[in-house]
Each structure stands twice: as C-alpha cells, then as structure tokens.
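Colleague: I would like to learn how to read a model of this kind. Where should we begin?

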Amino acid sequence: MKTEFQKMRSQELYDFSDAEIEASLSHAKMLCARLQTMTLDSADYREVIRELIPGIPDDSAVCPPFHCDHGNGIIMGRNVFINYDCVVLDGACVRFGDNVKVGPCCQFYTPQHPMDPVQRRLPQETSYPIEIGDDAWLGGGVIVCPGVRIGKRSIIGAGSVVVHDIPDDCLAAGNPAVVKRRL
C-alpha cells in the first residue's frame, strides 16, 4: 500500500495533512526562512540550497527570497537560474532542464484541488508534474499550472499564465498563454 507521500508523487488523490507530508513541508519552510536572509554570495547559501533542493548542480542558482512546498520535488538541470521571489509548489516533481532562465516572481503550481466543493473541504488534492525544457526562458511573473510541459528553447512572455503544454521552439504569451510564433 502506498504512503500519502508516494500518492502525492504518483498523481493520485492524497491527504496533505499526513504526518510525513507535514514533516516535509515543515522542513522546507525552515530552509526557505533561512534563505530569506541570504544572497547567492553568503557563506552558507550553497549548504542550505543543497539541503532544500537535493542534487542542485553547482552551476545552478536560486535567488532568495524563494518559497517551495518540499524542495525535494524540484529537479534542476545544469546552469539553471531562478530569479528573486519565485514559488514552486512541488507536490509533484517540477523539472527544470539545462540552461533554463526563470524571471522574478514566477510561480509553478503542481497541486490541483477537487472540483467538487464538498470534496474540497477535505485535506486532499492531486499533484501533476511540471516540466520546463532545456534552454527555455520564462519572463517575470509567469504562472505555470499543474501538469504543464514547456518545450525546449521556448520563451514565455512576462505575466503569462500557462495552462496548456507549449511545444519546443515557440514564443507564447497571454492569459491563457498561446503560441504567438515559432522561433
């Protein structure tokens, strides 16, 4: 039988009040709070960011302030840059390919609450993974919704809300984001 944490990472309905999930959330909140007083040049920045995002490459950076649910659901490629004040709700995994650039105040949401209002009263949700392809660039204030894949080398215009997959080599913008042209 799967744990609630395993269900969370498997796109199944899970109980987010589960003790293991709450412990993971608490651990990430503590590390995010520590990051708030740091810069990329702080002596212990690399130690804290590695504990928050296991496996983050040395050539990737996340500028504080930064907020996430777990941190351990964030998978970073090489040479990723995430600018100030971004939010990653990583119930499901959020993958950033190599050479991804993320503007300030971007938000990545994997949780999806039930559509039925009675079910929404319960501490349950489903999370869907997000993938950002190699060499993609997201302008400031972009919101990426649950289950979205942004293709390699694509650009998302500032302030866009991405609710559907964006193919490789496209410029997309708007709310909802639509492909404006091929690159």
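Modeller: Begin with the inventory: the protein chain has 4 helices and 19 strands. Its radius of gyration is 16 Å, close to the 16 Å that the globule rule gives for 183 residues, so the chain is as compact as a globular protein of that length. Keep in mind that this is a predicted model.

Colleague: What share of the 183 residues is buried?

Modeller: Buried residues account for 44%. The largest nonpolar core has 41 residues, and Leu52, Phe66, Phe96, Phe108 and Leu138 have the most contacts inside it. Apart from that core lies another, of 5 residues, including Phe5 and Tyr14.

Colleague: How do I read the sides of a helix?

Modeller: An α-helix has 3.6 residues a turn, so residues three or four places apart point the same way. In helix 2, the buried residues are Ile21, Ser24, Leu25, Ala28, Leu31, Cys32 and Leu35. They lie on the same side of helix 2 because they cover an arc of only 130° around the axis. On the other side, Ala19 and Lys29 are exposed.

Colleague: What do the buried residues of helix 2 pack against?

Modeller: Their partners are helix 1 (4–9), strand 1 (14–15), helix 3 (45–52) and strand 3 (66–68).

Colleague: Which residue caps the N-terminal end of helix 2?

Modeller: Aspartate 18 does, with a side-chain oxygen 3.1 Å from the backbone nitrogen of glutamate 20.

Colleague: And the length of the helix?

Modeller: At 1.5 Å a residue, the 17 residues of helix 2 (residues 19–35) should span 24 Å, and the end C-alpha atoms are 24 Å apart, which agrees.

Technical notes:
Residues numbered from 1 in each chain as written. Predicted model: local features only at pLDDT ≥ 70, side-chain atom pairs only at ≥ 80, totals over all residues. Heavy atoms only, no water. Core = buried A, V, L, I, M, F, W, Y, C linked by side-chain atoms within 4.5 Å. Buried < 20%, exposed > 50% of the residue type's maximum accessible area, 1.4 Å probe, protein only. Helix = DSSP H or I, 4+ residues; strand = E, 2+ residues; numbered from the N terminus. Expected span 1.5 Å × (residues − 1). Arc of directions from axis to C-beta. Contact = heavy atoms within 4.5 Å. Polar contact = N/O pair within 3.5 Å; in protein donor to acceptor, adjacent residues only side chain to side chain. Rg over C-alpha atoms; globule rule 2.2 N^0.38 Å.
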